[in-house]
Amino acid sequence: MDHRRGRRNGEDHNSYLNGRITLLAIMIGFCILAIIEIAFGQARLKTEKERLAMEERNYQAMQAAELEKDAVSEPEQEQTPEEPRTEDAQDNTITNTNYVPEQSTDTQVVDTTNNTADGTADGADPAVQTAEDDTKEYDMQLVFLGDSILDNTREYDGVATLIAGACNARVYNLSIGGTTAALKQTDQYDFNNWNSSSLLGVVNAIIGNIDKSFFKDYKAGQVMNTCDFSQTDYFIIEYGVNDFLAQVPVSKYLEGGGELNVQNYHTYAGALDIAVTLLHDTYPNAKILVIAPHYCQIFSGETFIGDGYSLDYGYGALIDYARVCGYVAEQHKEDGVMFYNAFEESGINAYTADQCLEDGIHLTAEGRRKYAEYAARLILADFNREE
């Protein structure tokens, strides 16, 4: 028998088996990858369908708000007084698609059994205090100016309520869902013909440049009429996501030199700067906490189109709006202006988005808790240092 021939046949057989085993391992690997891909795709599809459903509910809520506001503007027959109305806590006016700025909802009669942080019934006149509230001592007074991040869920675990509770503060929430810091390009900085519910509108109403009655249809307007702003310890300003989505220029000054042909009040940085200056000049003893926009994920229908780092509508990504917010705060640091970089310090990021963001933008209960905790720590640290 030829041993060399037998050995060669054995080697060929082993090579054949090794080849089959390798091929089988590759096929099994592809099958595992396919299963993972299918599972991931199904999970992603489910999430995106939920987001789409949320956006549809938001759109319907905004349509209902518009109809209600039109009805309010029509002549009405004499009727018995109603309880004050408030922005619907479920209205997510900041939306990922079909952005419509300057929307708010005044469609819901508030259950006056729900108490706010200042001890009054949410929706009731805050000037009418309960006997318990008259005797309650607060450490400070907080005035909030912002969009739906602060306007939504005003009672219980809303951001402003959580911050006020942690700081033992009397709170006045002047936030209006859907608003920007800047004026729209079609709006003018004209006190006699004012038509903007932006940050600049609220600030100019606070200091008396425009009539507060402009905000009478907003919950913020009712709260505004009951507040002695001279007693304010901290003004808290939170805007930016709507400015980004509405494609408001982040600044009129271009990187590397040059300027955009726009007025400062039509830019995010310019509007923040004007608002901070007006508040400080009018109430020099109050501190101002400026909050940057937080991390967001943006969808168009079922399609993920980017997040706060990657999506750019032409004036920078949302992170750039957060950074310029910090720059404005830094310019006014000597005036007692503080900065909360919610984009990078709130704990809301790509890894926690599923737990903290309900639609890619608005905060869940967990997101509100994280967001408020850091803000409260900043305020308390500053307040106690002064004591």
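User: How are helix 8 and helix 9 oriented to each other, roughly parallel or roughly perpendicular?

Analyst: This is a predicted model. Two packed helices are described by the angle between their axes and the distance between the axes. Here the axes of helix 8 (residues 268-282) and helix 9 (residues 318-331) come within 10 Å and cross at roughly 30°. Angles under 35 degrees count as roughly parallel, and helix 8 and helix 9 are therefore roughly parallel to each other. The crossing of helix 8 with helix 9 is right-handed.

User: Which residues make the contact of helix 8 and helix 9?

Analyst: Helix 8 contributes Tyr268, Ala269, Leu272 and Asp273, while helix 9 contributes Tyr321, Val324, Cys325 and Val328. By class, this contact has seven nonpolar residues, one charged residue and no polar ones.

User: In what sense do strand 7 and strand 8 pair?

Analyst: Strand 7 (residues 297-300) and strand 8 (residues 303-307) are antiparallel, with four bridges. Glutamine 297 has aspartate 307 of strand 8 as its bridge partner. Two residues lie between the strands of this hairpin, where glycine 301 takes a positive phi near 65°.

User: Is helix 5 largely enclosed or exposed, and why?

Analyst: Buried means under 20% relative accessible area. Eight of the eight residues of helix 5 (residues 199-206) are buried, so helix 5 is largely enclosed by the rest of the structure. Among these residues are Leu199, Val203 and Asn204.

User: What do the buried residues of helix 5 pack against?

Analyst: They pack against strand 3 (140-146), helix 6 (219-224), strand 5 (234-238) and helix 8. Just after helix 5, glycine 208 takes a positive phi of about 95°.

Technical notes. Residues are numbered from 1 along each chain as its sequence is written. This is a predicted model: local features need pLDDT of at least 70, side-chain atom pairs count only at pLDDT 80 or more; totals for chains, interfaces and linings use all residues. Side-chain values use heavy atoms; hydrogens and water are left out. Axes are lines fitted to C-alpha atoms, for helices over the stretch in contact, and angles run from 0 to 180 degrees between N-to-C directions. Angles under 35 degrees count as roughly parallel, over 145 as roughly antiparallel, 65 to 115 as roughly perpendicular and the rest as oblique. A crossing is left-handed if the near helix is turned anticlockwise from the far one by less than a right angle, and right-handed if clockwise. Contact means heavy atoms within 4.5 Å. Ala, Val, Leu, Ile, Met, Phe, Trp, Tyr, Cys and Pro count as nonpolar, Asp, Glu, Lys and Arg as charged, and the others, Gly among them, as polar. Two strands pair if DSSP finds at least two bridges between them. Buried means under 20% relative accessible area, exposed over 50%, partly exposed in between (1.4 Å probe, protein chains only).
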